[in-house]
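Here's a quick tour of a model, for anyone who wants to know what to look at before setting anything up. Have the viewer open and follow along.

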Amino acid sequence: MRSNAIRYYLFQIQQLNFGMKSQLFVRLSALVVAFSVISLLQGCANTTQAGAVGINRTQLLVIPSAQINQQAAEGFSKLSQEAAKQSKLNKDAAMTKRVRGIGERLIKHVPVFREDAAQWAWEINVFESDEMNAFCAPGGKIGFYTGIIRKLQLTDDEIAAIMGHEIAHALREHSREKASQKGVANMVLQTATSLDKSGAVGSLGGIGLEMLVHLPNSRAMELESDVMGLELMARAGYDPRNAANVWVKMEKYSSGKQNMAFLSTHPQGEDRISLLESKVPSVMPLYEEAIASNVNKSAVENMTKAAVSRKKSTRNSKK
């Protein structure tokens, strides 16, 4: 379906040159067709289930996931090896244990969005760095920088919110989606440009693709990752009401200086805070269920330990 659609629209672009005397009309028409093919192909796939938060945006995915995942795994391995050489890999044992513990609890719930993700080769490393960053590369390679934990004095709930957000990027295969969008867009634009002798299509098209395709979709990806991360943290027993604190702290740290939301790939803090807060009621039952389950589990474990202890005491007394 995708290949047929691409061929059809490329054919339409070629037809624009026949019988047209107005170069302006040709240029504008070519751009319209270029954007049309992208819009048409956006609804070709969906990498995840909707979950309780209802993520159902369809995606353009024309690049094989194996290709993206392999590149990500190689990059993560190289990054980890370089950090190890500099004694900056998992240097703080307590922090590494803390981050990995949070990550493991979140990963248990990824099948809610996609079942195959439970079989991914998940890895979690903590990098000693002042950089305020965290990521989850395609295929489940998680990196957390000590800078963001220390500078923002993150609680476990807040670490879970950030990590849940990053895991959501991997589950939704946003890297693969972005690469697919740019690949198709550039292919259509190159065809349109080759038919336009003035060069206007190339300059106008480049600006148009960035403003109308790449940036808006990047913002959409960021926001849906926020929401999916909120559900993951709630299911793992981390309080979703504290997720917005991350962006409150981030704004304070950066003194509120951010680029205009329309020109930024990341939504402004206020936008994220409002969205996260609006979604909390939909995931609170999941959090409450997780807390109740943990309480019951702890009670059972305590009862089991007490029973074992009594048996040992009985044996010892008989001796």
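In which helix of the protein chain is confidence lowest, and in which is it highest? This is a predicted model, and its mean pLDDT is lowest in helix α1 (residues 2–15), at 45, and highest in helix α4 (residues 93–107), at 97. Across the protein chain the pLDDT averages 76, with 63% of the residues scoring at least 70. Two stretches deserve a careful look. Residues 200–214 have a pLDDT below 50, yet the model gives this stretch 33 contacts beyond near neighbours in sequence. Residues 259–263 stay under 50 as well, and there the model has 11 contacts beyond four places in sequence.

On to the overall layout. The protein chain has 10 helices and 3 strands, running α-α-α-α-β-β-β-α-α-α-α-α-α from the N terminus on. Of its 319 residues, 44% count as buried. The accessible surface is about 16500 Å², and carbon and sulfur atoms account for 54% of that. Among contacts with a separation of 6 or more, 72% link residues 24 or more positions apart.

The 3 strands make an open, mixed sheet in the order β1-β3-β2. Since β1 (123–127) and β2 (134–137) sit at the edges with a single partner strand each, one side of each is left without a neighbour in the sheet. From one strand to the next, the twist averages 15°. β1 and strand β3 (residues 141–145) run parallel and are joined by 5 bridges; Val126 has Phe144 in β3 as its bridge partner.

| Helix | Strands touched | Angle between directions |
|---|---|---|
| α3 (residues 65–85) | β1, β2 and β3 | about 40° with β1 |
| α6 | β2 and β3 | about 30° with β2 |

What does Phe144 contact, leaving aside its neighbours within four places in sequence? The list is Val99, Asn125, Val126, Phe127, Asn133, Ala134, Ile149, Leu154, Ile159, Ile162 and Met163.

Notes: Residues are numbered from 1 along each chain as its sequence is written. This is a predicted model: local features need pLDDT of at least 70, side-chain atom pairs count only at pLDDT 80 or more; totals for chains, interfaces and linings use all residues. Side-chain values use heavy atoms; hydrogens and water are left out. Contact means heavy atoms within 4.5 Å. Helices (H or I, at least four residues) and strands (E, at least two) are DSSP runs, numbered from the N terminus. Buried means under 20% relative accessible area, exposed over 50%, partly exposed in between (1.4 Å probe, protein chains only). Accessible areas come from the Shrake-Rupley method with a 1.4 Å probe; for residues, only the protein chains shown count as cover. pLDDT is the predictor's confidence in each residue, from 0 to 100. Two strands pair if DSSP finds at least two bridges between them. Axes are lines fitted to C-alpha atoms, for helices over the stretch in contact, and angles run from 0 to 180 degrees between N-to-C directions.
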